[in-house]
Amino acid sequence: MTGIRQKMLYSKCCLCPRRCGVDRTAGQCGFCRADAAVRCARAALHYWEEPCISAGSDPEVQEIKQGSGAVFFTGCNLGCVFCQNYGISHGIPGGVALGAADLADIFFSLKDQHAYNINLVTPDIHIPVLAEAIALAKERGIGLPFIWNSSAYVTVEALRILDGLVDVYLPDLKFISERKAARYLRAADYPQAARAAIAEMVRQAGRCVFDAEGMIQKGVIVRHLLMPGGLLEAKMIVKELHENYGDRIWLSLMNQYTPLTEHLQGYPELQRPVTEREYTELIEYALDLGITQAYMQEGGTAKESFIPAFDGTGVKRRDGDPE
Ligand code: SF4
């Protein structure tokens with residue numbers, strides 16, 4: 001992608017369904033609080049994704065510390081009241097500002113640390129620069145799958161920029177109720193936008209392919225985080241995904257909801273973890289539907305320890321200047 005095309009995309013930003021129309025190249029910020037700079041809060045091995053992405057959750061038992069090469073970006077176009085990464089998604093943008101070449105260097109640094117893949121976390125608001133960075137890394141022969149770890153609140157037009165670059169899509173499908181999406185994400189149009197985005201991701205990536213070690217190389221895994229009191233909606237989501245995509249995708253049904261109560265004033269219904277009984281009922285429902293391609297979590301995973309430190313670990317620019 002040329003610099004001129006990138007500038008056009010950022011100068012009247014419509015990369016996500018909010019279509020703010022702000023000029024990010026002039027330093028303006030829309031809902032996502034991001035200007036045209038890609039800011040990164042952490043780039044390090046991460047061990048707490050699905051097994052086919054990070055291969056187990058206990059790095060101590062691995063001979064060589066392998067994991068997913070996760071790069072966390074700042075800013076977000078959703079307003080999730082239960083956000084687990086509050087420190088980087090809300091408030092004033094932070095993190096080190098990076099160009100495509102800096103990002104490609106970081107990807108190679110993660111490869112040198114034995115990353116299984118490059119896992120771009122909350123990347124949707126930075127599509128133009130990340131597309132350039134992925135293309136650059138692939139041209140330089142990185143040889144690792146790129147994972148797009150997304151909320152799915154992104155337009156189909158923007159996703160098409162990534163066609164042929166992203167190997168694995170890892171979208172959420174958080175809610176299909178517009179009322180809940182408006183209340184908890186501040187995006188009533190999330191269900192409609194996420195459904196369209198996931199359809200485009202499946203079109204691009206196709207069926208899941210795993211290597212001999214069981215690590216994913218291409219395809220789509222759709223995540224759903226079970227919310228307290230959200231069992232009925234979770235069942236509807238699982239059913240809809242199964243009916244629409246069958247074995248073309250994998251599901252990841254998560255129970256790790258962590259109530260960060262200091263941010264949940266006014267949402268008493270979200271101030272508790274999900275119960276083992278709620279999660280078990282969801283899993284049994286999925287099995288009864290005949291779903292076999294799904295990741296499930298063991299009990300007791302709602303711990304803040306899964307939230308990494310967003311302290312700039314592994315992030316640096318080519319010129320060595322942190323800002
Ligand atoms: S990416 Fe940010 S500025 Fe662009 S439309 Fe979305 S929220 Fe608005």
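Colleague: Let's start with helix α9. Which of its residues are buried?
Modeller: This is a predicted model, to be clear. In α9 the buried ones are L231, E233, A234, K235, I237, V238, E240, L241 and Y245.

Colleague: How many residues does α9 have, and how far does it reach?
Modeller: Helix α9 runs over residues 231-245, so to speak 15 residues, and reaches 21 Å from its first C-alpha to its last. That is close to the 21 Å expected at 1.5 Å a residue.

Colleague: What happens just after α9?
Modeller: G246 comes there, with a positive phi of about 50°.

Colleague: OK, switching to L173. Where is it?
Modeller: L173 sits in the loop between β6 (168-171) and α7 (178-185).

Colleague: Is that leucine buried or exposed?
Modeller: L173 has a relative accessible area of 1%, and the cut-off for buried is under 20%, so L173 counts as buried.

Colleague: Which residues is L173 in contact with, leaving aside neighbours within four places in sequence?
Modeller: Y190, A194, I198, V222, R223, H224, I237 and L241. Two of those names, I237 and L241, came up among the buried residues of α9.

Colleague: What's the C-alpha separation between L173 and A197?
Modeller: Those C-alpha atoms are separated by 10.0 Å, and the two residues are 24 apart along the chain.

Colleague: Y190 was on that contact list. What else does Y190 touch, again leaving aside neighbours within four places in sequence?
Modeller: Besides L173, Y190 is in contact with L78, S151, A152, Y153, D172, K174, F175, A181 and L185.

Colleague: Now the nonpolar core. Which residues touch the most other members of the largest one?
Modeller: F82, F107 and Y190, out of 92 residues in that core. Helix α8 (residues 190-205) gives the largest share of this core, eight residues.

Colleague: What about a second core?
Modeller: That one is separate and has ten residues, including I216, I221, W250 and Y295.

Note on methods. Residues numbered from 1 in each chain as written. Predicted model: local features only at pLDDT ≥ 70, side-chain atom pairs only at ≥ 80, totals over all residues. Heavy atoms only, no water. Core = buried A, V, L, I, M, F, W, Y, C linked by side-chain atoms within 4.5 Å. Buried < 20%, exposed > 50% of the residue type's maximum accessible area, 1.4 Å probe, protein only. Helix = DSSP H or I, 4+ residues; strand = E, 2+ residues; numbered from the N terminus. Contact = heavy atoms within 4.5 Å. Expected span 1.5 Å × (residues − 1).
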